[in-house]
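Me: Hey, can you walk me through this one? I'd like to go piece by piece.

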Amino acid sequence: MRRRLLALTLTCASAVLAAGCGALPGGGGRHTVTVWLMKDSASPDFLRRFTADFERTHKDLRLDIRIQQWTGIGPKVQAALRGKAQDGPDVIEVGNTQVAQYVEGGRLTNLTLESMRDWGMRDWLPGLAEPGQDNSAQYGIPWYAANRVVVYRKDLFAKAGITSPPRTRAAWLAATEKLDSGTTQGIYLAGQDWYTLAGFVWDEGGDLAQRTGDVWKGTLDSPAALRGMDFYRRLQALGDGPADADEEHPPQAEVFATGQVAQIVAVPGIAQAVVQKNPALKDKLGFFPVPGRTADRPGTVFTGGSDLIVPRNTDDRDAAVAVVAALTGARWDTDLARTMNYVPNKTTLASAVAGEEGVAAMAAGAAHGRATPSTPQWAAVEADNPIKTYMTKVLTGADPAGEARRASRRITEQLAPGLG
């Protein structure tokens, strides 16, 4: 999952659920629990059903669910964490990779005990759980996930004699080479799709950056990371993706909709945009997990999504914890996943979305998903993004080892100024 805001707009979910903007209606004398959820994370119907059930089973509590905009949410959350309890939220939804920036300063509630004792943290998706930790303490509680899969043209696969989706990288390369024929691109993979690259790096045992003690350093120049980049280079060459642009320039949905592309790497929801632009592709699109090095497990993928946090300045810790427990528990987490086509927060809940091909492919990959390095400074890396520059250089013929060293030094400078 990266979402932000400058204007501090606040829309109440209550406005959808009940007349007016403010707290949801409830019995007198109840304690109000204020919950900030992000726009489009949950449907109004889901929120209505959850609220009714929660208030029915927690007679002393009333929910005030307030919908926030992703744009610029960081400063708003930081202000809430520093504010007075009666003025701020008791539970906040945050992007999984954002937790690290909120942990600083000791303003989040440590939920390690509940996670171990009550919430089955061993089964959580690693790409949601690990970014929610700091020094082995759990602050962010996994809620839902989404990640990239391979979206492909079933008709073009059949025409090329490929009867089933590949399950290994070697088979994927062979199939893509077969598909890359005539006017058809075997795959459209933009040169700067660094989230996809990260998965290949992780699969090889490498990382974008690693921490030694309290110091983070860029590690794109490790042998494992270089192997990941080499696979990316070989795959990207089997199409016409631009070496100097990412997947949004131009939007890969538009490219895929032209009908001359056999595969892209994207979240399954992109299929709707593709079909809107080219209705002839309806029922011709399929999904499979990004293949791994071996057939026994899918490839590692970047896992996006959301965690729930509880500010330390809440005036009712128990009530806030009750909301988190309910939202992230099996019943409502699987309900949300089915409603919104998400991956549930636990590997043991994957069967809940098995009936949706695209979501099932996501769930298979999410079981081995990862997130970006868990440091507040990572945002600085993404803002300047030497990884993109490195990828373009390699794809246009530069020495991979030399460019990887340069990119790693730049990442180190951004994560730990003075050590680059």
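Me: What order do the three strands of the open sheet come in?

Reply: The order is β11-β8-β12, and the pairing is antiparallel. Keep in mind that this is a predicted model.

Me: Which strands stand at the edges, and what does that leave them with?

Reply: Those are β11 (263-266) and β12 (285-288). Each has a single partner strand, so one side of each is left without a neighbour in the sheet. From one strand to the next, the twist averages 30 degrees.

Me: And what holds strands in a sheet together, in general?

Reply: Strands pair through backbone hydrogen bonds, either parallel or antiparallel.

Me: OK, back to this sheet. How many bridges are there between β8 and β12?

Reply: Four, in the antiparallel sense, with β8 covering residues 149-153. To find one of them, look for tyrosine 152, whose bridge partner in β12 is glycine 286.

Me: Which helix lies across β8, β11 and β12?

Reply: That's α12, residues 270-277, and it runs at about 160 degrees to β12. Helix α15 (residues 357-366) packs on the sheet as well, touching β8 and β12. The direction of α15 makes about 20 degrees with that of β12.

Me: New topic: hairpins. Which strands form one, and how many residues are between them?

Reply: β9 and β10 do, with two residues between them. β9 is residues 209-212 and β10 is residues 215-218, and they pair in the antiparallel sense over four bridges. Alanine 209 stands opposite glycine 218 in β10. In the turn, glycine 213 has a positive phi of about 65 degrees.

Me: Speaking of peptide bonds, is the one from histidine 249 to proline 250 cis or trans?

Reply: Cis, with omega near 0 degrees. Proline 250 lies in the loop between α10 (223-236) and α11 (252-257).

Me: Switching to helices: at what angle do α13 and α14 pack?

Reply: About 55 degrees, with their axes 4 Å apart. The two helices are therefore oblique to each other. α13 is residues 317-328 and α14 is residues 330-340.

Me: Which residues meet there?

Reply: From α13, Ala326, Leu327 and Thr328; from α14, Ala330, Trp332 and Asp333. By class, that contact has four nonpolar, one polar and one charged residues.

Me: Which helix gives the most to the lining?

Reply: Helix α9 (residues 194-203), with four residues.

Me: And how does the lining divide by class?

Reply: Into six nonpolar, three polar and one charged.

Conventions. Residues numbered from 1 in each chain as written. Predicted model: local features only at pLDDT ≥ 70, side-chain atom pairs only at ≥ 80, totals over all residues. Heavy atoms only, no water. Axes fitted to C-alpha atoms, helices over the stretch in contact; angles between N-to-C directions. Parallel < 35°, antiparallel > 145°, perpendicular 65-115°, else oblique. Contact = heavy atoms within 4.5 Å. Nonpolar A, V, L, I, M, F, W, Y, C, P; charged D, E, K, R; others polar. Pairing = 2+ DSSP bridges.
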